[in-house]
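The sequence and the model come first, and the entries follow.

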Amino acid sequence: MALTAERIAKTKPGWKVVNASISGETTAGGASRIAGELQRHRPAVVVIELGANDGLRGLQLAQSRANLERMIVAAKAAKAEVLLIGMRMPPNLGKEYTLGFERNFRELASRHGTALLPFLLEPIALDRAAFQADNLHPIASAQPKLRDHVWTRLGPMLK
């Protein structure tokens, strides 16, 4: 987030970045907090990048989807543009779950007309050296690649 905020400060002056995320958050947490954050900050653009922790915990796909949809609907009702950033799950959760997890993001973006970045980790996903020992969290030196990847969708939204 800090790298993206730096880029915005340099290339899109006048935009303010508010990081309303909480480490380890689930879609349920985001859905429960979004109304207050929207009222407090009145954003023009909302980036939603949640769901990975739901998937790793095996949360039912319908519940995760409902939580994401609640956030999208709230942001759009507050007149904010939405960028939905998707994730993917490891194959050990089963083909049906992993495909359904990925489909949730695509279908929600399509249904609500939001911008979509299908997979946050796309530029580093196949590079084991880009991840911490847990093979889930990227290392610091991988962050610029992720920032640049997100920027492909976020940059054009900042008019």
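I take buried to mean under 20% relative accessible area, exposed to mean over 50%, and partly exposed to mean in between, with a 1.4 Å probe and protein chains only. The model is predicted, so I note that local features need pLDDT of at least 70 and side-chain atom pairs count only at pLDDT 80 or more, while totals for chains, interfaces and linings use all residues. Residues are numbered from 1 along each chain as its sequence is written, and side-chain values use heavy atoms, with hydrogens and water left out.

Entry on positive phi. I looked up backbone angles because most residues other than glycine have a negative phi. Asn-135, which is not a glycine, has a positive phi of about 60°; I place Asn-135 in the loop between strand E3 (115-117) and H6, and with 41% relative accessibility Asn-135 counts as partly exposed. Arg-42 also has a positive phi, near 45°, and sits in the loop between helix H2 (27-41) and strand E1 (45-48), where Arg-42 is exposed at a relative accessible area of 66%. Helices (H or I, at least four residues) and strands (E, at least two) are DSSP runs, numbered from the N terminus.

Entry on H1 and H6. For packing I use axes that are lines fitted to C-alpha atoms, for helices over the stretch in contact, with angles that run from 0 to 180 degrees between N-to-C directions. Helix H1 (residues 2-11) packs on helix H6 (residues 143-157) at an angle of about 50°, and their axes are 9 Å apart. That makes H1 oblique to H6, given that angles under 35 degrees count as roughly parallel, over 145 as roughly antiparallel, 65 to 115 as roughly perpendicular and the rest as oblique. Contact means heavy atoms within 4.5 Å, and on the H1 side I find Leu-3, Thr-4, Arg-7, Ile-8 and Thr-11, which meet Gln-143, Pro-144, Arg-147, Asp-148, Trp-151 and Leu-154 of H6.

Entry on H2 and H4. H2 and helix H4 (residues 61-77) pack at an angle of about 10°, with axes 8 Å apart, and are therefore roughly parallel to each other. H2 contributes Thr-27, Ala-28, Gly-30, Ala-31, Ser-32, Ile-34 and Leu-38 to the contact, while H4 contributes Ser-64, Asn-67, Leu-68, Arg-70, Met-71, Ala-74 and Ala-75.

Entry on aromatic rings. Rings of Phe, Tyr and Trp (its six-membered ring) pair if their centres lie within 6.5 Å, and planes under 30 degrees apart count as stacked, over 60 as edge-to-face and the rest as tilted. My search of the whole structure finds two aromatic pairs. Tyr-97 and Phe-101 have ring centres 6.4 Å apart and planes at 25°, so this pair is stacked. Phe-101 and Phe-105 have ring centres 5.4 Å apart and planes at 70°, so that pair is edge-to-face. Tyr-97 and Phe-101 are four residues apart in helix H5 (residues 95-112), about one helical turn, and Phe-101 and Phe-105 are likewise four residues apart in H5. Ring pairs thus link Tyr-97, Phe-101 and Phe-105 into a cluster; Tyr-97 is buried, Phe-101 is buried at 2% relative accessibility, and Phe-105 is buried at 2%.
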